[in-house]
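Biologist: I would like to learn how to read a strand and a loop in a model like this one. Could we go through it together?

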Amino acid sequence: MNVSPGRQFDRAGAASDDAEPSNLPDFERLADNIAKALEQGGKALAAMVKPVEEGKVKTAFAEDVADAIKTFGHVAEYWLTDPARTLEAQTELSANFLDLWSNTLRRLAGDEEKPLIPVDPRDKRFASEDWQTYPVFDFLRQAYSISTHWAEHMVEGAELDKRTHDKAAFYVKQIAAALAPSNFLLTNPEVLRATWKAEGENLARGMKMLAEDIEAGDGTLRIRQTSGDNFKLGVNLATTPGKVVFRNDLIELLQYAPTTEQVYKRPLLIVPPWINKFYILDLNPDKSFIRWAVSQGLTVFCISWVNPDARHADKDFFAYMNEGIFAALDRIKKITAEPKVTAIGYCVGGTLTASALAYMAAKGDDRIASATLFTTQVDFTYSGDLKVFADEDRIKNIEAEMKLSGYLEGRSMANAFNMLRPNDMIWSYVVNNYLKGIEPMAFDLLTWNGDSTRMPRANHSYYLRNCYLENRLAQGEMVLGDEKLDLGKITIPVYNLATKEDHIAPAKSVFLGAKLFGGEMRYVLGGSGHIAGVVNPPGPKPKYQYWTGSRPEGAFEDWFAKAESHPGSWWPDWLAWVVAQAPEKVKARKPGGRCKTLGDAPGDYVRIKG
């Protein structure tokens, strides 16, 4: 179908007789580019198959398909065991499609008929006017919408246990995202228009990128989300000046250079997640939480976790606490002569920090005097979309995969996070990269997002089982070393930040966990999600607001209804809270003090690729 600009079409999308020949492509060049695209497609297929044939890749695709079929079987069983329910489901789908056929036929006949299902302005997949202009494509869009809403209704309406329901909803979301007509050349008018106009060059470029991305992923598609080498660590990423002041098998400890003549006496230790790299908190000078904290007079230390390999297979949660947090505390005391710090734990780094605090409370260890948790779960009852990946069968499969290499590949976690938002994080790139042939723009956040990290076998298995699967930390049954952990024994002040649109650590989940601590608790709700809600610096044009209220109790919805909204960043509110704990100041400290430094920040461990 010709959809080039300037050519005339009737309402059905067919070319009219008075189309100008000048708008036709060079068919020889079009054929040549399609041949190039097919050649690159062959290379992509070869790159995908080769590692499997050589036994270098263990694919879990068959296991995922089997689990999806089993899950959908429970949904089908509910609807098919009762004839009335079966008829209800069939009637609903049939009636909607009959209405769509009637509506489309009237439009094809020239009637000024509105679509049965209006375009959702929030859905970028169908934003092009071509979807509405040509009834054939609009029919595909509406048929897709009817089918996906019907499938979602089948899941929502079925009486299932929560785990099965969540898995079924997740699988429907993935399948619906994958089968959208916008994802295919012949059913996407926008891509057809681009192909006609570019004489197929977009497909040749796109298939070349596809082959490169599969090869880069060692047989698995590693979708490029940002362009190549535009960002470099220490150059335009992670640029806050500092030194590596300690190193062991698991961490490098970074201390940042002061920018004020005096600093607060109590140092700050940041414990980032090990499932991503720490520089999300130091992306660039304008967004850097670390640089901002230094500018406010804090002596900032940050852990940079090693990107583990087979040598770290037996490093478990206890090792991450001892060789991570506790080793950092020992070095900070040696450098600053301060016996106590305030600590920040982010995401799983926060879960580790909370676990360490419970362990320290049991041991009478008071080196952490106050703590902040960024988007951290300690109670995993409402743990969001990631819980789909944490049932017994999946964990066994992950453990089997880790047993072979000693770690979980970084791309496995990256894929899991991308699947939480498949339209935005997967299929939009598939269309733009491989069908439109457009190289993605340079973007520091997506460069960080693509800089994946591996997970050591012992630590990842312990975390999945004790937190996501069995929720042992919240129940007071989790054991580290020789101690059973009780969050209620943590009596130091805690600043607990959740974010309103977080799908990884939902605000309701963080709220529930906040009730378990035994001391002063300041629960704060930031706008946006898991990353943007945290990396939300102060400025003249505040992007998101935040909410404060009483200590968490009762239902989250009731707390939020009474909470006070504040414009702008929560960072100054946090700083005021930290300073109130320990307002005394001293002369600014140089990184390392009298201890030998081991190089410039951001160090060596952060540069290890996953």
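Modeller: Gladly! Let us begin with contact, which means heavy atoms within 4.5 Å. Leaving aside neighbours within four places in sequence, Asn-248 is in contact with Glu-323, Ala-327 and Tyr-605. This is a predicted model, where local features need pLDDT of at least 70, side-chain atom pairs count only at pLDDT 80 or more, and totals for chains, interfaces and linings use all residues. Residues are numbered from 1 along each chain as its sequence is written, and side-chain values use heavy atoms, with hydrogens and water left out.

Biologist: Where is the place of Asn-248?

Modeller: Helices (H or I, at least four residues) and strands (E, at least two) are DSSP runs, numbered from the N terminus. Asn-248 is in the loop between β1 (242-247) and β2 (251-256).

Biologist: Is Asn-248 buried or exposed?

Modeller: Buried means under 20% relative accessible area, exposed over 50%, and partly exposed in between (1.4 Å probe, protein chains only). Asn-248 has a relative accessible area of 18%, so this residue is buried.

Biologist: And which faces of β5 are covered?

Modeller: In a regular strand, side chains alternate between the two faces of the sheet. In β5 both faces are covered: Val-300, Cys-302 and Ser-304 are buried on one side, and Phe-301, Ile-303 and Trp-305 on the other.

Biologist: How many bridges join β2 to β5?

Modeller: Two strands pair if DSSP finds at least two bridges between them. Five bridges join β2 to β5, and these strands run antiparallel; Ile-251 stands opposite Trp-305. Strand β4 (residues 268-271) runs parallel to β5, joined by three bridges.
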